[in-house]
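Subject: Structure handover

Dear colleague,

Here is the structure for your files. My notes follow below it.

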Amino acid sequence: MTHPGKTWGPLWAAAVVCSLAGPAQAQAQAQAQKATVPQAADQNHALSGPARCRFAVPGGWDASQVRWTGDCRAGLAQGLGTLRALQGNKVLQVFYGRLKDGQLELGAIELDGGYRAGRFDNGWVVQDGERNTLIQAFEAASDAAKAVAQRYQAGGNPASARFYRQKATQLAQQMD
Amino acid sequence: MAASDLSAPVGRGAANHRPDVLVVQKLLLARGYAIQGGADGACGDSTVGAIVDFQSDFLRKPDGVVDPGGTTWRALSAGYPDLTGKPPPPSDNLLKLLPRPASTAINQGLTAVSNAYVLGKLGQPLLAGGYNTLCQEPTNPKLRNNLARESVGPFRVWGLAPAVQSLKAVMADIAKQQPAVYAGLGTQGMMCCRLVRGSTTAISNHSWGTAVDLTLNGVLDARGDDKVFYGLTLIAPIFQRHGWFWGAGFRTEDGMHFEGSKALFDTWVAALK
């Protein structure tokens with residue numbers, strides 16, 4: 001994967017503050033192993049984030065620095081968007097997809113050079129063996145990237161909008 | 001329940017404690033065995049059928065029961081240490097990214113089979129058309145008559161019968177030669193009649209069940225980034241020896257994808273009923 005954010009430092013500084021983040025500067029440093037083995041099945045089921053928009057975080061993520069970019073309803077993240085795990089200014093991992101009542105529902109977690117995708121249960125991908133589930137997960141992920149791109153475009157950040165449009169294309173083309 | 005075993009038998013006429021049933025159902029699903037309604041903790045006909053189906057791959061007389069510590073349990077739980085159906089912990093090493101190999105270094109002596117060629121040999125999978133972006137089951141009777149659904153070792157697939165047999169032989173060699181990779185292998189399917197993404201006419205080459213997409217430790221290699229997981233480079237030569245073409249050699253890199261080369265495909269066509 002190519003992450004064109006290396007030259008977008010100023011954009012990034014603003015992004016952390018307002019959660020309309022610029023492109024991931026270091027998504028390539030995503031740590032695949034973190035999202036694999038549940039230490040406790042429900043530890044990530046609890047909601048994180050600001051009181052006006054709470055959300056569950058994917059299994060294995062450190063909940064202390066996760067940002068949701070998307071809609072909220074009744075104080076819970078809802079619909080298409082992204083969850084980004086941050087470490088300082090770096091984006092470690094990104095979930096693209098759909099949340100329902102603050103819980104991860106369908107989508108893909110981008111890792112270094114790969115994806116974990118499908119339906120989610122308690123923050124973990126459920127392996128149901130259905131190829132259609134995977135196809136739908138990448139469709140949701142792509143739609144989420146498009147939705148985030150539109151937010152940036154509307155917010156006057158065309159560079160980040162372009163990044164997420166490109167990401168939407170990549171996600172859409174993952175399954176042949 | 002012990003972390004590594006069932007508390008009581010699960011299956012036909014068994015105790016079927018809900019936590020045990022859930023574990024068995026999740027492991028069956030993770031291996032590609034269908035259970036109507038998914039993992040719900042209730043052991044009905046669909047779950048018993050899936051157990052029998054699973055046992056038929058290695059038992060002469062499947063009985064539809066998973067006993068604690070028994071042969072079926074050991075086979076079912078192997079490779080899934082946390083018993084949730086989630087794949088084994090990843091190895092940094094196997095998921096290490098490498099630049100995709102030069103086209104001259106892979107698929108040596110093999111030719112990718114074109115969509116048109118397969119279409120000419122096997123015909124339309126959906127006789128009445130109607131392809132869309134989701135997988136549909138084929139309606140072509142000859143194709144349907146030549147499909148097989150069975151375990152190839154680390155997972156279960158549904159595909160063209162001779163392709164499934166060939167894949168089984170590939171997996172047996174991987175188990176012997178690259179056991180660490182074998183332990184982490186999974187699949188995202190073989191048979192899937194659908195359009196190529198973004199096209200209104202081109203059919204996916206999964207539409208005839210002659211290609212397979214793999215996962216490594218539950219992770220799909222990102223398509224089109226010109227990088228591949230190290231673990232895939234370890235098994236690609238084994239696929240090649242069996243005549244399978246690796247998608248890392250496609251114009252758009254597709255590292256998770258393997259399909260029968262033209263020569264291998266021709267042998268499959270000759271073997272069809």
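A nonpolar core here means a set of buried Ala, Val, Leu, Ile, Met, Phe, Trp, Tyr and Cys residues joined through C-beta atoms within 7 Å. A residue counts as buried if 20 or more other C-beta atoms lie within 10 Å of its own, as exposed if 12 or fewer do, and as partly exposed in between, with C-beta atoms placed from the backbone.

The model is predicted: local features need pLDDT of at least 70 and side-chain atom pairs count only at pLDDT 80 or more, while totals for chains, interfaces and linings use all residues. Residues are numbered from 1 along each chain as its sequence is written, and chains are lettered from A and ligands numbered from 1 in the order in which they are written.

Cores

The largest nonpolar core has 93 residues, and those with the most contacts inside it are A:A108, A:A117, A:F138, A:A141 and A:A145. Helix α2 (residues 131-154) of chain A contributes the most to this core, with 12 residues. Helices (H or I, at least four residues) and strands (E, at least two) are DSSP runs, numbered from the N terminus.

Contacts are pairs of residues whose C-beta atoms, placed from the backbone, lie within 7 Å. Leaving out residues up to four places away in sequence, A:A108 touches A:Y96, A:G97, A:Y115, A:R116, A:A117, A:A137, A:F138, A:A141 and A:L171.

Chain A

Chain A has three helices and six strands, in the sequence pattern α-β-β-β-β-β-β-α-α. Of its 176 residues, 57% are buried. Among contacts in chain A with a separation of 6 or more, 48% are between residues 24 or more positions apart.

Chain B

An open sheet of four strands in chain B has the order β6-β7-β11-β10, with antiparallel pairing; two strands pair if DSSP finds at least two bridges between them. Its edge strands are β6 (185-187) and β10 (244-246), each pairing on one side only. Strand β10 of chain B is joined by three bridges to β11 (residues 257-260), and the two run antiparallel. B:F245 stands opposite B:E259 in β11 of chain B.

One loop residue is worth a note. B:F155 sits in the loop between β4 (147-151) and β5 (156-160) of chain B. B:F155 is buried because 24 other C-beta atoms lie within 10 Å. From B:L98, B:F155 is 57 residues away in sequence and 25 Å away in space, C-alpha to C-alpha.

Regards

Note on methods. Two residues are in contact if their C-beta atoms, placed from the backbone, lie within 7 Å.
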